[in-house]
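User: Please take a close look at one part of this structure, the aromatic rings and what surrounds them. I would like one connected explanation.

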Amino acid sequence: MESLTSPTGALPVVGASVAEPAGHRGTRPHRLHGALFQSIGDEGRAELVERRLVDAIHRGHLRAGERLPSESELARSFGVAPVTVREALLAVRGRGLIVTKRGRNGGSFVVDDADPLVFARRTLAATSRLTLRDLGAHYAAITASAVRLAARRADSSETLRVLRRLDRLDDLDADQQRRLLDDVQVELVSLSQSARLTREQMRLQAEFSPYLRLAAPDTPSMHQQAQTLTGIIRAVEAGDPDEAGRRTEAMTTDVIDTLIHLQSSPETSA
């Protein structure tokens, strides 16, 4: 499987790209998988691998019908023995989240009815408002700092390339739109030219993405998020760190306020 390393030195990643056409999932890497599949190292227990895979499925970073990397590829990514991965996959199958197919085109696949929105609603219902506010504060602090730095360091050709990614939004399905918006946020942060900030943004984006999905569950609301991101990118392009940071903080506040409102809705509370 092809690997990808960002120009800022971000971790190698594996998985599917938001831009790949239907029927070709799993053929190209996906940026967010760098946060999901980073090495576990000495803590390489099957339970930790299982948790990482379950989270990836519940958060929608491994989508319904998507083929997982092979056992050997997962073992290398996680930094554990293949037998540990095999044990973890057995446990994930036991949860009913993946199925294994034999033969030439076989492997482990996410079940067709995996729904990250269902998991996100359950997680939101179980999360306190204080925790949500704290998550938002952390996300805003890292992301706003990074975009301010990007406004000082990025050149116009780099910001134009990120903007052009958003032009493809209408050509994608809902899952791909969400992943594109996540990718654009990570790429925007990468313009800070800080490998540490980019890696932290990748990790945060993986954690925050399910909540962004809840706050913008359909194409019109994702278009609104895209417009917000466009405003931030334009501020970076103009070399205005204060405006870029202000817009980023306002975007995060809006998402957290939306989530707190959703917590009181019957659908989330059920």
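**The aromatic cluster**

Analyst: Both Y139 and F208 are buried. The model is a predicted one, and a search through the whole of it finds two aromatic pairs. Y139 and F208 form a stacked pair, with 4.3 Å from centre to centre and 25° between the planes. Planes under 30 degrees apart count as stacked. Y139 belongs to helix α6 (residues 129-153) and F208 to helix α9 (residues 195-215), so this pair ties together parts that lie 69 residues apart in sequence.

F208 also pairs with Y211: the ring centres are 6.4 Å apart and the planes stand at 50°, so this pair is tilted. F208 and Y211 are three residues apart in helix α9, which means that about one helical turn separates them. Like F208, Y211 is buried. Through these ring pairs, Y139, F208 and Y211 are linked into a cluster.

Y139 has a part in a helix contact as well. The axes of α6 and helix α8 (residues 174-190) come within 8 Å and cross at roughly 55°; the two helices are therefore oblique to each other. On the α6 side the contact is made by Y139, T143, A146, V147 and A150, and on the α8 side by Q185, L188 and V189. Of the residues in this contact, six are nonpolar, two are polar and none is charged.

One further ring deserves a mention. K101 lies over the face of F109, 4.7 Å from the ring centre.

Methods: Residues are numbered from 1 along each chain as its sequence is written. This is a predicted model: local features need pLDDT of at least 70, side-chain atom pairs count only at pLDDT 80 or more; totals for chains, interfaces and linings use all residues. Side-chain values use heavy atoms; hydrogens and water are left out. Rings of Phe, Tyr and Trp (its six-membered ring) pair if their centres lie within 6.5 Å; planes under 30 degrees apart count as stacked, over 60 as edge-to-face and the rest as tilted. Helices (H or I, at least four residues) and strands (E, at least two) are DSSP runs, numbered from the N terminus. Buried means under 20% relative accessible area, exposed over 50%, partly exposed in between (1.4 Å probe, protein chains only). A charge sits over a ring if NZ of Lys or CZ of Arg is within 6 Å of the ring centre and within 35 degrees of the ring normal. Axes are lines fitted to C-alpha atoms, for helices over the stretch in contact, and angles run from 0 to 180 degrees between N-to-C directions. Angles under 35 degrees count as roughly parallel, over 145 as roughly antiparallel, 65 to 115 as roughly perpendicular and the rest as oblique. Contact means heavy atoms within 4.5 Å. Ala, Val, Leu, Ile, Met, Phe, Trp, Tyr, Cys and Pro count as nonpolar, Asp, Glu, Lys and Arg as charged, and the others, Gly among them, as polar.
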